[in-house]
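Here are my notes on this model for your first read. Keep the viewer open and follow the points in order.

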Amino acid sequence: TAEVKSIISKCGAPCATMAALLGETPEEAPEVPEPDLSMELQDQLKRCFTEHEACCTKEQMKVQRLLLPHGRSRLEVDAIRDRYAEAAVIELVTTLKSFDPDISKDKLSGDIYRILHSDAVVGHLSMSFKGSLRTYVPRNRSEWLGEDVERHIACKRAFLRVLNQQLRRVAGDLVSRLPPATAPFDRTAVTRVALLSASGSSALLGFYCGTVGLLGGSAAGTLVGAIPAPLTLGLSLPIGAIVGGGLGVAAGTLMGGACGFVGGGATGAATYVYRADLQDGIVYVKGNAAATSTRLRTRAFETTGYLKVSAIDAVDVARGRALELTQSATEAMSSAGVVTVSAAKGTKAKAAKLGADLLETAQDRKTQVTAAAAAGGAVVVGAGGGAVGFVSGGAIGAACGVLPALFTFGLSIPIGAAIGSGAGLCLGAAAGGTAGLVGGGTTGYSVYAHRGDIGSCLSGARCRADQFVSLVRSTASDVKTRLIGDKGGTD
């Protein structure tokens, strides 16, 4: 104890955890006021402390289940609690800085001091874990290792690291000075454990090797009995299998039992003799794993805090950018509204003009006559073309079906006629309809366009016909008159 106290005095300010182990208690400071924090932040900090306390309790229970000596178990439990207290304080600093990235060092130190030394946030924790938190950040600020809480935490971690190295060095020196252990060796217990291990291993390995020997000996005996099988009428096969199996079982059980007896006995005796060392090794591995887990968790908390701060900065930048984009979009929308109104008016005028043009075109007599003529020509010529295609296609199909008629017993002729007539009908109707549509439309348009000339031609032809009829009538009347006059003179 004197050497440990001298190391602490050499390293600087006293360590709170080691002071508690040595029976020293820090000075009581006046009552600390509650921190001025929002309810959301207080709830988050309470959840953070509760999670750390739960993880600490879980690891402490694991250590207590190892059934270590009382002094060593207490040291392990206190070390675990101190590690989790340090991780909780580091996460506390990270959380406060993430909520207020511009917080000053003095305000951060004051907030952490009031959080840890008042019951507003940590009042729900157990006395042991709350005591570890308050000893990590002392109530008397003169005991801090730095001007602010962040420097105090950094110096504390460095100090604990140096102290741990010094304590390990002193412990190694003390262990080297101890006399060798002279504990009595319980040969009866070792013999009992060795016999039990040897018996179990011998039975298990003997059974396994006997099974393997039975299978291998039976197979070998059968192969050996196959040689004289023609002379023994096959009786040597089962006899060889039985003999080989028996020999294999005996040899395998004997060898397996002997190996299991020797190996199991030696293993059991060595395990019993060095059980304390093995248990210490397990505890050491678990302790290293716990320390590594705590370090990784602390780094994860620090990284999470940094990411939170970065995310807050990114949100602020994005918010400012969004405001700029909103203003730009508002201006663009106002200018686009004017353009849209003018474009809408122009489009409306064009649409009205197009509708008027379509209506005028639909009401045009020339268009109506052209459409009617085209429809009539398509129907008439399409029907005629379909009929011609039906007949000619049927004839061509029947002619094509004559060639394979010898092989199809005449069925290819009607089939070819049906296929040809169908194809001819489709092609003829399509060709005739197209020709009738184009020809009828052209004819109707031309007739309607030149209807005046055609009407005048028809009127002239009708006049000439009337004149010709009148001439014929007058000529016939003259002829009749002459004929009648000549007949009267003759009488």
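1. Start with exposure. A residue is buried under 20% relative accessible area, exposed over 50%, and partly exposed in between (1.4 Å probe, protein chains only). Leucine 403 has 69% relative accessibility, so it counts as exposed. Leucine 403 sits in the loop between helix 12 and helix 13 (405-408). Isoleucine 413 is 10 residues away from leucine 403 in sequence, and their C-alpha atoms are 8.8 Å apart.

2. Know what you are looking at. This is a predicted model, in which local features need pLDDT of at least 70, side-chain atom pairs count only at pLDDT 80 or more, and totals for chains, interfaces and linings use all residues. Residues are numbered from 1 along each chain as its sequence is written, and side-chain values use heavy atoms, with hydrogens and water left out.

3. Now the overall make-up. The protein has 15 helices and zero strands. Both are DSSP runs numbered from the N terminus: helices are H or I with at least four residues, strands E with at least two. Of the 491 residues, 27% count as buried. Contact means heavy atoms within 4.5 Å. Among contacts with a separation of 6 or more, 73% join residues 24 or more positions apart.

4. Which residues touch the most other members of the largest nonpolar core? They are Leu45, Phe49, Leu96, Leu116 and Leu133, in a core of 33 residues. Helices 3 (39-64), 4 (70-99), 5 (105-116), 6 (119-122), 7 (127-136) and 8 (149-177) each supply at least two residues of this core. Helix 4 gives the most, with nine. Such a core is a set of buried Ala, Val, Leu, Ile, Met, Phe, Trp, Tyr and Cys residues joined through side-chain atoms within 4.5 Å.

5. Take leucine 45 on its own. Beyond its neighbours within four places in sequence, leucine 45 contacts Leu37, Leu92, Thr95, Leu96, Ile115 and Val121.

6. Next, helix packing. Helix 3 and helix 4 pack at about 160 degrees, with axes 9 Å apart. Helix 3 is therefore roughly antiparallel to helix 4 (angles over 145 degrees count as such). Axes are lines fitted to C-alpha atoms, for helices over the stretch in contact, and angles run from 0 to 180 degrees between N-to-C directions.

7. Compare a second pair. The axes of helix 12 (residues 365-402) and helix 14 (residues 412-449) come within 3 Å and cross at roughly 160 degrees. Helix 12 is thus roughly antiparallel to helix 14.

Technical notes:
Parallel < 35°, antiparallel > 145°, perpendicular 65-115°, else oblique.
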